Amino acid sequence: MKTTWAWLGDHLAVDFANTIKVVDNSTIELIGSVEEFHDWHEAEPADLPTVVLTSESLRDLRNLRDCALRLLHAACDDRTLPQADVATINEAIEIGGTLRLLGSAAGTSRLQSASEGGFDALAGLLAAAVVDLLAREDLANIAVCSAPSCGQFFHRARPNQMWCSPGCGNRARVDRHRHRRMDATGMARR
Ligand SMILES: [Zn+2]
């Protein structure tokens with residue numbers, strides 16, 4: 001099934017990390033092909049350099065995404081950040097020559113790459129977005145959605161918000177109801 005990318009538009013680091021889904025405890029890759037990556041790039045509202053990826057550079061980008069995932073999960077769980085991933089993210093920023101410049105209004109800034117575009121510029125900007133998010137003390141209220149067939153990161157609007165969207169909330173409730181009924185049937189048989 002073609003991914004709609006309807007959830008994009010959060011912090012760039014969150015959008016980058018949300019290129020996977022978790023269904024029945026297994027990870028579903030949403031940018032498994034160059035075409036799928038292209039669709040993500042087109043749907044992503046953040047200003048990113050145009051880049052033609054090969055299957056090899058796509059693999060490198062997915063490795064960077066996996067670093068972002070491990071870092072975000074560690075931060076959400078209040079664990080120590082995996083240091084190898086910290087180094088990989090920082091290295092991508094250095095290679096991409098990623099700079100943070102002042103925006104036209106107070107309180108705003110923008111990321112820019114000093115490199116000529118292409119893969120290094122893209123990877124540097126995505127890595128810098130991860131730094132942006134994880135350097136914040138409040139982590140922009142990031143949490144992981146625990147609904148079945150989701151497992152994606154979202155910005156909490158309320159402190160106890162458990163699901164990223166009403167759709168996920170409904171699925172989680174239906175799932176819980178189904179499990180409760182299965183439990184009840186099991187009890188009756190005994
Ligand atoms: Zn969700």
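Some ground rules before the structure. Residues are numbered from 1 along each chain as its sequence is written, and side-chain values use heavy atoms, with hydrogens and water left out. Since the model is predicted, local features need pLDDT of at least 70 and side-chain atom pairs count only at pLDDT 80 or more, while totals for chains, interfaces and linings use all residues.

Overall layout, then. The protein chain has six helices and six strands; helices are DSSP runs of H or I with at least four residues, strands are runs of E with at least two, and both are numbered from the N terminus. Starting at the N terminus, the order is α-β-β-α-α-α-β-β-α-β-β-α. Along the principal axes, the C-alpha atoms fill a box of roughly 70 × 35 × 30 Å. Of the 190 residues, 37% are buried, where buried means under 20% relative accessible area with a 1.4 Å probe, protein chains only. Among contacts (heavy atoms within 4.5 Å) with a separation of 6 or more, 52% are between residues 24 or more positions apart.

The largest nonpolar core has 38 residues; a nonpolar core is a set of buried Ala, Val, Leu, Ile, Met, Phe, Trp, Tyr and Cys residues joined through side-chain atoms within 4.5 Å. Helices H1 (12-17), H2, H3, H4 (83-96) and H5 (118-134) each give two or more residues to this core, and H5 gives the most, with nine. Buried residues in H5 include Leu122, Leu125, Leu126, Val130 and Leu133. Which residues have the most contacts inside the core? They are Phe37, Trp40, Ile89 and Leu126. Leaving aside residues up to four places away in sequence, Leu126 touches Leu12, Phe16, Trp40, Leu48 and Leu61.

Two of those names come back in the aromatic search, which finds three pairs in the whole structure. Rings of Phe, Tyr and Trp (its six-membered ring) pair if their centres lie within 6.5 Å; planes under 30 degrees apart are stacked, over 60 edge-to-face, and the rest tilted. Phe37 and Trp40 have ring centres 5.8 Å apart and planes at 35 degrees, so this pair is tilted. Both residues sit in helix H2 (residues 34-43), three residues apart, about one turn of the helix. Phe37 is buried at 3% relative accessibility, and Trp40 is buried at 0%. Together with Phe16, Phe37 and Trp40 form one aromatic cluster.

Now the zinc site. Which residues coordinate the zinc ion? Cys145, Cys150, Cys164 and Cys168 do, each through SG, at 2.3 Å. Donors here are N, O and S atoms within 2.8 Å of the metal (3.2 Å for Na, K and Ca), and water is not among the atoms, so sites may look incomplete. Angles between the four donor atoms run from 105 to 117 degrees, which makes the arrangement tetrahedral; for four donors that term requires all angles to lie between 85 and 135 degrees. Along the chain the donors follow the spacing C-x4-C-x13-C-x3-C. Cys145 lies in the loop between strand E5 (142-144) and strand E6 (153-155), while Cys168 is in helix H6 (residues 166-189), 23 residues away. Cys145 is buried at 2% relative accessibility, and Cys168 is buried at 5%.

Definitions and conventions: Four donors count as tetrahedral if all angles lie between 85 and 135 degrees; four count as square planar and six as octahedral if opposite donors are over 155 degrees apart and all others between 65 and 115; anything else is irregular. Buried means under 20% relative accessible area, exposed over 50%, partly exposed in between (1.4 Å probe, protein chains only).
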